[in-house]
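Please read the points below beside the coordinates. They are meant as a colleague's note.

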Amino acid sequence: MGEHMHDYTVVPRTDEEKTKTLNRLKRIEGQVRGIQKMVEEDRYCVDILVQISAIQSALKNVGYSVTERHMNHCVTDAINKGEGEESIKELMTVLKQFSK
């Protein structure tokens, strides 16, 4: 998918972390289906835009949660191994994409 994709995690996610993130993503998926239905039903454009904004916010929040976990586990581990500079550079590249 991208040049920063890895086949590993330094510290595997807990079952609770996976469940929480997957539940958020499933909720977002439901919101997207709701917007599809709104379009099919020719709903008012502003109502659709409000729902799109809510989805964008929800996705950003999932991204912030994943970023926080990455910093607390992967980046911290890289720093402890003396590989912090590369890990921080990688994270900053992704954060620049994320903030567009």
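Predicted model: local features only at pLDDT ≥ 70, side-chain atom pairs only at ≥ 80, totals over all residues.

1. Residues are numbered from 1 along each chain as its sequence is written, and side-chain values use heavy atoms, with hydrogens and water left out.

2. Helices H1 (residues 15–40) and H2 (residues 45–80) pack with their axes 10 Å apart and at an angle of about 160 degrees, which makes H1 roughly antiparallel to H2 (angles over 145 degrees count as such). Axes here are lines fitted to C-alpha atoms over the stretch in contact, and angles run from 0 to 180 degrees between N-to-C directions; helices are DSSP runs (H or I, at least four residues), numbered from the N terminus.

3. Leu 22, Leu 25 and Leu 59 make a nonpolar surface patch of about 240 Å². Leu 25 lies in helix H1 and counts as partly exposed because its relative accessibility is 35% (buried is under 20%, exposed over 50%, partly exposed in between, with a 1.4 Å probe and protein chains only). Patch residues have over 30% relative accessible area and no salt bridge, nonpolar side chains being joined within 5 Å; a salt bridge is a side-chain nitrogen of Lys or Arg within 4 Å of a carboxyl oxygen of Asp or Glu.

Notes. Patch = residues over 30% accessible without salt bridge, like charges linked within 9 Å, V, L, I, M, F, W, Y side chains within 5 Å. Areas by Shrake-Rupley, 256 points an atom, 1.4 Å probe, with all protein chains shown as cover. Helix = DSSP H or I, 4+ residues; strand = E, 2+ residues; numbered from the N terminus. Parallel < 35°, antiparallel > 145°, perpendicular 65-115°, else oblique.
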